[in-house]
Amino acid sequence: MSKLELVFKEKSKRVLNVYCTAGYPSLDSTMKVMGSLQKNGADIIELGMPYSDPLADGEVIQVSSIKALANGMNIAVLFDQIKDMRKSISIPVILMGYMNPILQYGFENFCKKAKEVGVDGLILPDLPLFEFEQSYGKIITENNLDFIFLVTPETPVDRIKKLDSLSNGFLYAVSSSATTGKDKDFNVVAQYLQKLQAMQLKNPILVGFGIKDKATFDAATLHTQGAIIGSAYIQQLTKGGDIETTTSQFLNSVLGA
Amino acid sequence: MNLFNVDENYQNPTMEGYYGDFGGAYIPEMLYGNVETLKTQYLQIMQDPIFQAEFQYLLKDYVGRPTPLFLAERLSKEIGATIYLKREDLCHTGAHKINNTVGQIILAQRLGKKKIIAETGAGQHGVATATVCALKGMECVIYMGEKDIERQAPNVARMKMLGATVIPAKSGSKTLKDATNEAIRAWINEPNETHYIIGSVVGPHPYPDMVARFQSVISEEIRKQLKEKTGNELPTHVVACVGGGSNAAGAFYHFLNEPSVNLVAVEAAGHGVNSGLSAATTQLGTPGILHGSKSIVMQTSDGQVVEPHSISAGLDYPGIGPLHAFLYESKRGIFLSATDEEALESAFHLSKIEGIIPALETAHAFSVLPKMNLKASDVVVVCLSGRGDKDLATYMEHL
């Protein structure tokens with residue numbers, strides 16, 4: 001059983017996945033941020049690999065990516081930083097990023113290295129289904145990495161089923177068609193999540209985009225197994241201050257602990 | 001003579017939008033619906049007789065087509081070959097860009113869209129988009145790099161006068177690449193009612209093919225006009241500047257499968273190809289993904305997209321359309337470059353000897369003519385893609 005499957009086996013509700021940008025706020029803060037997330041109640045870590053032109057990301061994550069790149073972050077540096085992460089991090093770690101930097105690193109090498117350091121899965125928003133099925137999916141599977149597709153309120157039912165069947169670990173439900181960090185109308189979102197719930201998909205569902213506090217986390221997890229928070233956490237890190245304190249305060253406020 | 005295999009694929013990418021290894025649609029799932037609708041419907045809509053009737057009518061009576069093919073006698077004498085100018089600068093709004101926006105606005109109406117967004121570099125595509133939106137009564141939002149807003153002030157004023165909202169792109173290098181990022185993000189945020197009119201042969205499939213087809217009217221006319229003037233519809237060379245490559249795609253299109261026609265694409269070398277301040281993508285780039293398609297991209301070894309430089313906002317782009325990447329790789333196209341300085345010289349020179357003030361982008365195409373070792377028997381068509389009014393501020397600094 002994969003690490004991600006275990007998470008959902010042990011906890012069927014209110015699973016919290018938190019996104020952080022590698023190399024942000026400072027180049028060497030990656031492990032510290034991950035450690036704080038684990039300590040303060042995150043169930044999964046989504047580690048973003050910064051890219052100069054992140055199409056699916058809103059301003060907050062864009063700015064953190066540009067800063068991380070300026071700090072000197074890249075894929076090789078990241079793998080070096082997290083090479084011993086399994087000595088301290090026991091929760092699943094998913095890498096999120098865009099195709100171009102990975103292609104330059106070498107897609108197969110990237111998957112091998114990710115597996116080697118203990119990464120559990122990948123979220124690559126600009127790797128579409130067609131290309132996944134043509135070639136990349138095979139490489140991901142051969143390296144025993146989970147791949148997580150995104151679905152949106154506009155994704156047709158047949159396509160949701162297909163994306164679910166090819167995903168492992170969980171399915172990423174984008175709360176509405178939008179970039180990250182935008183506010184959503186959660187009544188509309190709820191209908192869509194109920195629809196997904198009723199489909200009885202193979203994978204658990206985590207909702208992302210627009211989850212920023214206890215209210216939105218509660219609303220998002222009413223019909224699903226959990227949610228993903230990104231921009232709201234990055235915003236807290238951007239304010240500066242001690243990472244451990246910031247993370248503890250923020251996650252406590254979201255989880256209502 | 002070129003040694004390449006005539007390949008249908010130059011005009012017809014695969015179902016998934018590939019020209020050789022280049023193209024495709026590397027887009028987030030949030031754009032899937034919009035792009036899929038376009039992909040399944042664009043050819044059908046474009047081939048519909050009612051669509052064609054309206055498109056041809058607007059090209060003729062609104063855009064002012066066909067544009068003339070002009071024999072540049074003094075330039076011909078100087079270069080030592082027969083040089084024709086395809087006068088896209090005489091199109092309504094002053095550049096070829098409107099060929100595409102007229103087509104896409106009719107298509108957007110067919111798809112039931114209410115709002116148009118577009119990116120722009122030099123502002124020519126922005127103006128052409130704002131123009132057709134005014135014509136059709138559609139809401140129009142243009143994304144433009146903050147740096148380009150400064151250096152192309154007249155076009156910004158024109159867009160506003162035409163009723164468009166101009167939103168400055170403040171990320172990255174604040175030029176065309178970043179305006180394109182912002183436009184794509186805006187499209188993600190409101191996909192249902194909005195159509196994104198991409199201005200070049202870039203972006204996810206079907207945009208490169210769709211834009212090339214709308215611009216192909218340029219080479220369609222060149223063939224007819226050349227036949228009338230010379231008795232032969234094939235020139236020996238077609239020369240066009242390339243940023244993303246829409247005027248080049250249009251000027252090359254009906255010659256792609258004519259092996260005797262040399263297709264010459266001219267990129268912006270900026271301060272010089274190896275100066276660190278350049279936009280010569282095929283010389284400096286490597287295969288990569290930018291704005292939804294696989295092509296040749298200027299990037300670091302880590303895969304971060306590099307900020308290019310060109311004096312011309314329209315060529316200041318770190319990528320190139322996938323068709324052009326394929327023309328480059330297969331050697332069907334000849335890729336040359338011209339520096340900022342050479343382009344400025346050409347702009348002044350063309351103005352003096354032919355009485356035509358070209359856009360800075362277009363001026364790059366003229367800079368390579370003396371370097372091409374042309375023979376007296378050569379018949380060269382240069383795509384005069386746009387006029388220079390928008391660049392007067394830059395030209396005035398060099399008078």
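Student: Which residues are linked in a network of salt bridges?

Tutor: A salt bridge is counted where a side-chain nitrogen of Lys or Arg lies within 4 Å of a carboxyl oxygen of Asp or Glu. Side chains of opposite charge can pair when their charged atoms come close. In this predicted model, the linked residues are B:Arg65, B:Lys86, B:Glu88 and B:Glu221.

Student: Which kind of model is this?

Tutor: Residues are numbered from 1 along each chain as its sequence is written, chains are lettered from A and ligands numbered from 1 in the order in which they are written, and side-chain values rest on heavy atoms, with hydrogens and water left out. Local features need pLDDT of at least 70, side-chain atom pairs count only at pLDDT 80 or more, and totals for chains, interfaces and linings use all residues; the model is predicted.

Student: Are B:Arg65 and B:Glu88 buried or exposed?

Tutor: Their side chains meet in a salt bridge, with N to O at 2.7 Å. The pair links distant parts of the chain, 23 residues apart: B:Arg65 sits in the loop between α2 (49-63) and β3 of chain B, and B:Glu88 in the loop between β4 and α4 (97-110) of chain B. Helices (H or I, at least four residues) and strands (E, at least two) are DSSP runs, numbered from the N terminus. With buried defined as under 20% relative accessible area, exposed as over 50% and partly exposed as in between (1.4 Å probe, protein chains only), both residues are buried.

Student: What is the relative accessible area of B:Glu233?

Tutor: B:Glu233 forms a salt bridge with B:Arg223, the closest N and O atoms being 3.0 Å apart. B:Arg223 lies in helix α10 (residues 217-230) of chain B and B:Glu233 in the loop between α10 and β9 of chain B, so the pair ties together parts that are 10 residues apart in sequence. B:Arg223 is buried, at 15%, whereas B:Glu233 is partly exposed, at 32%.

Student: How many residues of β9(B) are buried?

Tutor: β9(B) pairs with β10(B) in the parallel sense over 5 bridges, and B:Ala240 stands opposite B:Ala265 in β10(B). Both faces of β9(B) are covered, with B:His237, B:Val239 and B:Cys241 on one side and B:Val238 and B:Ala240 on the other. The strand is largely enclosed by the rest of the structure, because the number of its residues that are buried is 5 of 5.

Student: Which strands stand at the edges of the open sheet in chain A?

Tutor: This sheet has 9 strands, in the order β5-β4-β3-β2-β1-β9-β8-β7-β6 (chain A), and the pairing is parallel. One side of each edge strand is left without a neighbour in the sheet, because each has a single partner strand: these are β5 (146-147) and β6 (150-151) of chain A.

Student: Which residues of α11(A) are buried?

Tutor: Helix α11 (residues 231-238) of chain A lies across β1 and β9 of chain A. Its buried residues are covered by elements including β1, α2 (30-39), α3 (59-71), β9 and α12 (243-255) of chain A. The buried residues are A:Ser231, A:Ala232, A:Tyr233, A:Ile234 and A:Leu237.

Student: How many salt bridges lie across the interface of chain A and chain B?

Tutor: The two chains bury about 2,800 Å² between them, 52% of it on carbon and sulfur atoms; buried area is the accessible area (1.4 Å probe) that two parts lose on being put together, summed over both. In chain A, A:Asp53, A:Leu55 and A:Gln104 lose the most area to chain B, together 22% of what that side buries. A:Arg159 forms a salt bridge with B:Glu29, the closest N and O atoms being 2.7 Å apart. Across the interface, the number of salt bridges found is 2.

Notes
Two strands pair if DSSP finds at least two bridges between them. Contact means heavy atoms within 4.5 Å. Axes are lines fitted to C-alpha atoms, for helices over the stretch in contact, and angles run from 0 to 180 degrees between N-to-C directions.
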